[in-house]
Amino acid sequence: MTMKLKDRTALITGGSDGMGFATAELFLNEGANVAITGRSRERGEKALAELRRFGPVIFIRGDVSKPSDAKRMVERTVRRFGRIDIVFNNAGVYVEKLAEDTTEKEWDLVVDINLKGTFLVSKYAIPYMRRQCSGVIINNSSDAGLIGNRSCPAYCASKGGVTIMTKAMALDHAKEGIRINCVNPGVIDTSMLEREARASKNRRAYLKDAVEMHPIGRLGRPQEVARAVLFLASDEARFVTGTALSIDGGTTAQ
């Protein structure tokens with residue numbers, strides 16, 4: 001390994017599985033200290049057991065949409081490792097429904113976790129980064145944060161907000177040594193996707209449609225998103241801020 005993140009500390013929300021877990025593993029292999037978060041203690045402890053063999057890691061249970069939890073995630077990371085250099089705002093949920101069928105409760109859940117949660121964790125991390133005169137925030141948006149997707153207006157609204165908020169915050173903090181970017185994945189082969197497929201009327205047809213969305217002809221892999229996040233977190237991206245990096249097999253090029 002190149003140790004691109006040697007002695008740096010990263011907080012990864014939603015780090016128990018999928019893209020968050022893959023990023024945590026890669027960061028640990030690149031020399032970072034890592035804190036992962038999640039709402040499920042069971043999944044978090046399982047992930048922690050798997051990640052410990054790669055390097056220093058802790059699990060913090062909490063909900064990013066709750067201000068007290070978001071603040072505690074940041075504070076405990078700093079208390080354990082002495083600083084916070086990188087935040088990967090990865091925690092997210094998905095609801096596939098038309099606007100007329102989406103309940104207010106479902107709308108609030110999606111927007112609160114995807115958008116408000118990204119705002120809250122960043123809000124509490126930035127003061128520490130400002131004092132260090134350095135820091136990197138990477139927000140996990142989506143291709144749905146760049147273009148409209150069918151049957152998920154709440155998700156599109158939340159991820160569109162993440163993309164534009166990323167750019168606005170990057171401008172606000174560029175002169176403080178804090179870089180802020182987002183990644184915009186297409187459909188990634190994760191447990192969340194599998195749950196969506198099983199909840200559909202036809203799992204095989206659902207996954208076939210998901211594959212066909214991508215000109216490259218397949219689903220994305222969590223590790224492919226993790227490598228892009230590593231690039232943005234590392235010194236190789238010192239001149240990169242305010243960008244939305246598509247990792248979508250060509251979906252948004254159409």
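Helices (runs of H or I of at least four residues) and strands (runs of E of at least two) are taken here from DSSP and numbered from the N terminus. The model is a predicted one, in which local features need a pLDDT of at least 70 and side-chain atom pairs count only at pLDDT 80 or more, whereas totals for chains, interfaces and linings use all residues. Residues are numbered from 1 along each chain as its sequence is written, and side-chain values use heavy atoms, with hydrogens and water left out.

Helix H8, which runs over residues 222-233, has 12 residues and reaches 16 Å from its first C-alpha to its last, close to the 16 Å expected at 1.5 Å a residue, where the expected span is 1.5 Å times one less than the number of residues. Buried positions in H8 are Pro222, Val225, Ala226, Ala228, Val229, Leu230, Leu232 and Ala233; buried means under 20% relative accessible area, exposed means over 50%, and partly exposed lies in between, as computed with a 1.4 Å probe on protein chains only. The cover over these buried residues includes helix H1 (18-29) together with the strands S4 (86-89), S5 (135-140), S6 (178-185) and S7 (244-247), a contact being defined as heavy atoms within 4.5 Å.

The crossing of H1 past H8 is right-handed, a term used if the near helix is turned clockwise from the far one by less than a right angle, anticlockwise being left-handed. On the H1 side the meeting residues are Gly18, Met19, Ala22, Thr23, Leu26 and Phe27, and on the H8 side they include Val225, Ala226, Val229, Leu230 and Ala233.

A nonpolar core is a set of buried Ala, Val, Leu, Ile, Met, Phe, Trp, Tyr and Cys residues joined through side-chain atoms within 4.5 Å. The largest such core has 32 residues, of which Phe27, Val34, Ile36, Ile138 and Val183 touch the most other members. Two or more residues are given to this core by each of S1 (9-12), H1, S2 (33-38), H2 (41-51), S3 (57-61), S4, S5 and H8. Apart from this core lies another, of 30 residues, among them Leu11, Val64, Leu120 and Ile137. When neighbours within four places in sequence are left aside, the contacts of Phe27 are Leu5, Ala10, Ile12, Ala32, Val34, Ile86, Val229, Leu230 and Ala233.

Helix H3 (residues 67-81) has 15 residues and reaches 22 Å from its first C-alpha to its last, close to the 21 Å expected at 1.5 Å a residue. Its buried residues are Asp69, Ala70, Met73, Val74, Thr77, Val78 and Phe81, and what covers them includes S1, S2, S3 and helix H4 (104-132). After H3 comes Gly82, whose phi is positive, near 90 degrees.

The contact involves Leu193, Glu194, Glu196, Ala197 and Arg198 of H6, together with Arg203, Tyr206 and Leu207 of H7. In the loop between H7 and H8 lies His214, which counts as buried because its relative accessibility is 4%. Leaving aside neighbours within four places in sequence, His214 is in contact with Gly186, Val187, Leu219, Asp248, Gly249 and Thr251.

Most residues other than glycine have a negative phi. Asp7, however, has a positive phi of about 70 degrees although it is not a glycine, and Met3 likewise has a positive phi, near 55 degrees. Asp7 is placed in the segment before S1 and, at 56% relative accessibility, counts as exposed, whereas Met3, at 43%, counts as partly exposed.
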